[in-house]
Amino acid sequence: MSQRLWTPSDGTIDESPMTKLREFCAVRNAIALPDHDAFHQWSIDERGAFWSAVWDFCGVRGTKGARELVDGDVMLDDRFFPDAELNFAENLLVKHCPEDALAYRGEDKVSYRWRWDQLHSTVSKLQQAFRAMGIGEGDRISAMMPNMPETIACMLATASIGAIWSSCSPDFGEQGVLDRFGQIEPKLFITCDAYWYNGKLQDVGDKVRAVTPRLGCPVMVVKYAGDAEALAASLADGRSLDAATIPFAAKPVEYEQLPFGHPLYILFSSGTTGVPKCIVRSAGGTLLQHLKEHRFHSGVGDGDKLFYFTTCGWMMWNWLVSGLASGATLCLFDGSPFAPTGNVLWDQRKSASQSSAPRRNISTRCARAASNRSRPMTSPNSA
């Protein structure tokens, strides 16, 4: 007979973010939502009202507009917030302060942190550099990058101007890169100079020189484990990130206000049944869904630390990055989860928890999420 290992207290349930959202929706709509099952059913029956409540409860930055949902009875035609305008990056760059925004480790080789102010500054310089390259709304930027702070800054700069981001990890083979990015005609290809895996230096120079002529776009090389300037110089139209951004001084980031359904990400299917298929995700749909999952299902809040082991070739990287919208510090790790030992990911958590003021730990957040006994709620359109 199975035995229940843990049961949340009534106080834990009452103070959980999911309960607070349920109470907010009940008062706002003058309805009875006595428990989570009733709340879940209401979120299905009244999808527009539910997602409108999530928008307001989470303080989404943007203009919501009057209409919440149109053509809701026709799955392929329904549209959430057709009058809304927002910018995804603006909703992630929510803090201006000297606290940690990103804590990074590349196996046992590299370790550094970025404050929120540094993240803003880097995004500003990249935004100006992208615009100077002629990149704008609807253009694609592709990246073959480790899961490191510079990658997040490049994505945020891309989103800030209304361009579309697509990424993979640097261990992808030449054909894997071309099968994906060759379909979307990027205006810029971003790559690292080298990376670490299982304690060994992995050079990407030959791969970059092989794929970039076929992508037919400029290349920006991010310094990490090799020589960014040398790799950039070996390319027909290459420059390092440092060279691309040095002409620009940091200033407040400018945010293009775009429709709710404006494309944000291009992800890809696995490619097991032929060439990988493009999967487009919208800015508004991605933002609201991730806010719901982080704040209410996972209990992530301001000042918490959020970690998920992922590469930039998996959609969980996109999920992790959205934790900034809840004011969390992201703990980033790139490389083998067994280098130098099988404890490295737990060491990463310990290292991150020792910085700044004490915060609720991962176990507490998981416990709070479990206490909600919540089932997934309906998602706003994501394309």
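**The sheet**

Select strands S6, S5, S18 and S17: these 4 strands form an open sheet in that order, with mixed pairing. Strands are DSSP runs of E with at least two residues, helices are runs of H or I with at least four, and both are numbered from the N terminus. Two strands pair if DSSP finds at least two bridges between them. This is a predicted model, in which local features need pLDDT of at least 70 and side-chain atom pairs count only at pLDDT 80 or more, whereas totals for chains, interfaces and linings use all residues. Residues are numbered from 1 along each chain as its sequence is written, and side-chain values use heavy atoms, with hydrogens and water left out.

Colour strand S6 (110–115) and strand S17 (305–307) next; these are the edge strands, each pairing on one side only. From one strand to the next, the twist averages 20 degrees. Axes here are lines fitted to C-alpha atoms, for helices over the stretch in contact, and angles run from 0 to 180 degrees between N-to-C directions.

Strands of a sheet pair through backbone hydrogen bonds, either parallel or antiparallel.

Show helix H6 (residues 116–132), which packs on the sheet and touches strand S5 (100–106) and S6. Contact means heavy atoms within 4.5 Å. The direction of H6 makes about 85 degrees with that of S6.

**The aromatic rings**

Move to Phe39, Trp42, Phe50 and Trp51, which ring pairs link into a cluster. Rings of Phe, Tyr and Trp (its six-membered ring) pair if their centres lie within 6.5 Å; planes under 30 degrees apart count as stacked, over 60 as edge-to-face and the rest as tilted. Phe50 and Trp51 are edge-to-face, at 5.0 Å centre to centre and 75 degrees between the planes. Both Phe50 and Trp51 are buried, where buried means under 20% relative accessible area, exposed over 50% and partly exposed in between (1.4 Å probe, protein chains only). The whole structure holds 18 aromatic pairs.

**The cysteines**

Finally, select the cysteines. The structure holds 0 disulfides, a disulfide being a pair of cysteine sulfur atoms within 2.5 Å. For Cys97, the nearest cysteine sulfur is that of Cys331, 15 Å away. Cys97 is buried, at 13% relative accessible area. For Cys154, the nearest is that of Cys312, 10 Å away. Cys154 is also buried, at 0% relative accessibility.
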